[in-house]
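Please open the structure in your viewer, with the sequence panel beside it, and follow the selections below in order.

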Amino acid sequence: MSKLELLTPEGLRVDGRRPSELRFMDCKMGQFPGVDGSAFFQQGNTRVIATVHGPREITKRGPRRADKCIVSCEYTITTFGITGERRKQDKRQSEMSLIVQRTLEEMILCKLYPKSEINVYIQVLQSDGGELPTAINAATLALMDAGIPLCDFFCSCAAGLINSTPILDLNYLEDSSGNPDIPVAVAMQSGNVVMLQVDNKISVADFEQVTLLAIEGCKKIFEVMTKCVRERS
């Protein structure tokens, strides 16, 4: 699909949305038994489950911190949700695990749990673009469901650029088109950006516009996530 086909002359995208419009969202907490916390998050056709175990005593040999807990993240895509070569998908899952882990380390008040570990498991049931933000949002709700203190309320969203037009919340066709894509995670009370990725080249001026649009998307997602937390409590 060419870049021109991704955005019509009327300013509509392939799925009928306007450039600054989010996809349908749904999220639930506490849906899965046998874990300390869990959440389901859907963004368009992208569906993600996050579960949390801990904080608990470290059970495996490995690095230990006397001053704070260890946070681990395992990110997997279900077989029926995978597209493309297996080797590339394995590398992608490893990269996503590390990005989410580092983002969670910024969220969690790790010093409250010295000599312990928190394990977060992310499972992508279906992928249609925006996997990383959806995974971070699911993990945030799962941590809250587990009662783990966070330093802020975190939300994540992505924005991109098509035909010099900033667009919000990319679907798979937009995400895989080779156009710039910038996912961010924001601490909603402080306004600090705790995660920012830049996929594909983009000018400084366009970078600022796209990043600001992604942050605005986080604010809209925050409203949905806040409602979910209130319903859970």
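Which residues in α4 are buried? Before selecting them, note that this is a predicted model, in which local features need pLDDT of at least 70 and side-chain atom pairs count only at pLDDT 80 or more, whereas totals for chains, interfaces and linings use all residues. Residues are numbered from 1 along each chain as its sequence is written, and side-chain values use heavy atoms, with hydrogens and water left out.

Select residues 204–232, which make up helix α4; helices (H or I, at least four residues) and strands (E, at least two) are DSSP runs, numbered from the N terminus. The buried residues in α4 are V210, T211, L213, A214, I215, G217, C218, I221, M225, T226 and C228, where buried means under 20% relative accessible area, exposed over 50% and partly exposed in between (1.4 Å probe, protein chains only). The 29 residues of α4 reach 41 Å from the first C-alpha to the last, close to the 42 Å expected at 1.5 Å a residue, the expected span being 1.5 Å times one less than the number of residues.

Next, select the open sheet, whose four strands come in the order β7-β6-β8-β9 with antiparallel pairing; two strands pair if DSSP finds at least two bridges between them. Its edge strands, each pairing on one side only, are β7 (165–168) and β9 (193–196). Strand β6 (residues 154–162) is joined to β7 by four bridges in the antiparallel sense, and G160 stands opposite I167 in β7.

Now show α4 together with the sheet: α4 packs on the sheet, touching β6, β7, β8 and β9, and its direction makes about 140 degrees with that of β6. Contact here means heavy atoms within 4.5 Å, while axes are lines fitted to C-alpha atoms, for helices over the stretch in contact, and angles run from 0 to 180 degrees between N-to-C directions.

Then display the side chains of F153 and F222, which form an aromatic pair that is edge-to-face, at 5.0 Å centre to centre and 90 degrees between the planes. Rings of Phe, Tyr and Trp (its six-membered ring) pair if their centres lie within 6.5 Å; planes under 30 degrees apart count as stacked, over 60 as edge-to-face and the rest as tilted. F153 lies in the loop between α2 and β6 and F222 in helix α4, so the pair ties together parts that are 69 residues apart in sequence. F153 is buried at a relative accessible area of 11%, whereas F222, at 27%, counts as partly exposed.
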